[in-house]
Amino acid sequence: MQEIPIRDVGAAELVDRFARQYHYLRLSITDVCNFKCNYCLPDGYKPNGVRHQFLSLDEIRRVVNAFASLGTRKVRITGGEPTLRKDFIAVLETVRQNPLIETIALTTNGYRMAKSVHEWRAAGLDAINVSVDSLNPNMFAQITGENLFHQVMAGIERALEIGYKQIKVNSVLMKGLNDHDFNAFLNWIKDKPIQMRFIELMQTGEMDHFFSQYHLSGAVLMQKLLKCGWQQQQRALTDGPAKVFTHPDYVGSIGLIMPYAKNFCVDCNRLRVSANGQLHLCLFGEDGINLRDLLQSDSQQGQLQLRLQQALTFKREHHYLHQGDSGVRAHLASIGG
């Protein structure tokens, strides 16, 4: 792991060499997942032989406090599948304790939503992203390796019933596999407060052949939307990387995440911490910078903040996906996508 020296870098904020400010933390709390998505973990989750001790509640509290003190206002809980943690409710409550955090979001495969989403909301969860790669139950099972389509859809309906104003639904459209679902998804959100987010398939170290066979450019989808009258919206301070489109005839909206597009990294505003306490400056980058030694005591907060600030001097201007370089990332589940 890369170690970063500690030194005073001045202002209490997270800013890199390219004047990008970081207000958004993606915090993984486990790399375990119970789905076997063909674009991520086609053979299912397999421990790498090392028994990981995932971040404790105290460590989570300390890392969130450090980020919040440096300007972070949004925390997304990721995995793996984060709701597999037995103390998931306690994780939400721990993040909620910090009054500077304005938004707590979750990315989930949705298999527990119908049963537990009311508890999540009570614990302080503000926003939910659910993965649904097809509206055809058979295709859903083919992609995810699990026959849980109806359970996940019931969870989305339940979340709307209990008061969530919008649910974001993530889908990886793949050429010749589920790309024909595009129109079905548009019809689905016509009268529903759902932001349908199409995520371009990304190349990782273990999936080169899969990528070459199934990659579908997000630019193709954007042209379809523009031709049909969809209009791109302004991006808010803590928004993720999606280009968001709305249409006057639709209750729902569309988000396109296109990592191969020109200038994708220009507005980067997010950093990642893995479930074992490594800071990752880019989804497609380095091994990670150790934070865990500074998560053992509340008295280390100042040192932790300085390490975070200093780490940003190493952040690259952009990734190199367009050159076929996905960095060291074997698969996206390892640091929460």
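1. A residue is called buried when its relative accessible area is under 20% and exposed when that area is over 50%. The model discussed here is predicted, and the points below should be read with that in mind.

2. On the overall make-up, the protein chain contains 9 helices and 12 strands, and buried residues make up 55% of its 337 residues. The accessible surface of the chain comes to about 14,700 Å², and carbon and sulfur atoms contribute 49% of that surface.

3. Asn290 belongs to strand 12, which covers residues 289–290. Is Asn290 buried or exposed? Its relative accessible area is 13%, and because this value falls under the cut-off of 20%, Asn290 counts as buried. The side chain of Asn290 also makes a polar contact, at 3.1 Å, with the side chain of Asp293.

4. Ala19 sits in the segment before strand 1 (24–28). Its phi is near 65 degrees, a positive value in a residue other than glycine, and a colleague looking at the backbone may wish to find this residue in the structure above.

5. For a pair of packed helices, the description rests on the angle between their axes and on the distance between the axes. The axes of helix 1 (residues 57–69) and helix 9 (residues 301–311) come within 9 Å and cross at roughly 60 degrees, and the crossing of helix 1 with helix 9 is right-handed. On the side of helix 1, the contact is made by Arg62, Val63, Asn65, Ala66, Phe67 and Ser69, while helix 9 contributes Gln301, Leu304, Gln305 and Leu308. How do the residues of this contact divide into nonpolar, polar and charged? There are 5 nonpolar, 4 polar and 1 charged.

6. A further backbone detail concerns Gly79 and Gly80, which are joined by a cis peptide bond with omega at about 20 degrees. Where is Gly80 found? Gly80 lies in the loop between strand 2 (74–78) and helix 2 (88–96).

Definitions and conventions:
Residues are numbered from 1 along each chain as its sequence is written. This is a predicted model: local features need pLDDT of at least 70, side-chain atom pairs count only at pLDDT 80 or more; totals for chains, interfaces and linings use all residues. Side-chain values use heavy atoms; hydrogens and water are left out. Helices (H or I, at least four residues) and strands (E, at least two) are DSSP runs, numbered from the N terminus. Buried means under 20% relative accessible area, exposed over 50%, partly exposed in between (1.4 Å probe, protein chains only). Accessible areas come from the Shrake-Rupley method with a 1.4 Å probe; for residues, only the protein chains shown count as cover. A polar contact is a pair of N or O atoms within 3.5 Å; within protein, one must be able to donate a hydrogen and the other to accept it, and residues adjacent in sequence count only if both atoms are side-chain atoms. Axes are lines fitted to C-alpha atoms, for helices over the stretch in contact, and angles run from 0 to 180 degrees between N-to-C directions. A crossing is left-handed if the near helix is turned anticlockwise from the far one by less than a right angle, and right-handed if clockwise. Contact means heavy atoms within 4.5 Å. Ala, Val, Leu, Ile, Met, Phe, Trp, Tyr, Cys and Pro count as nonpolar, Asp, Glu, Lys and Arg as charged, and the others, Gly among them, as polar.
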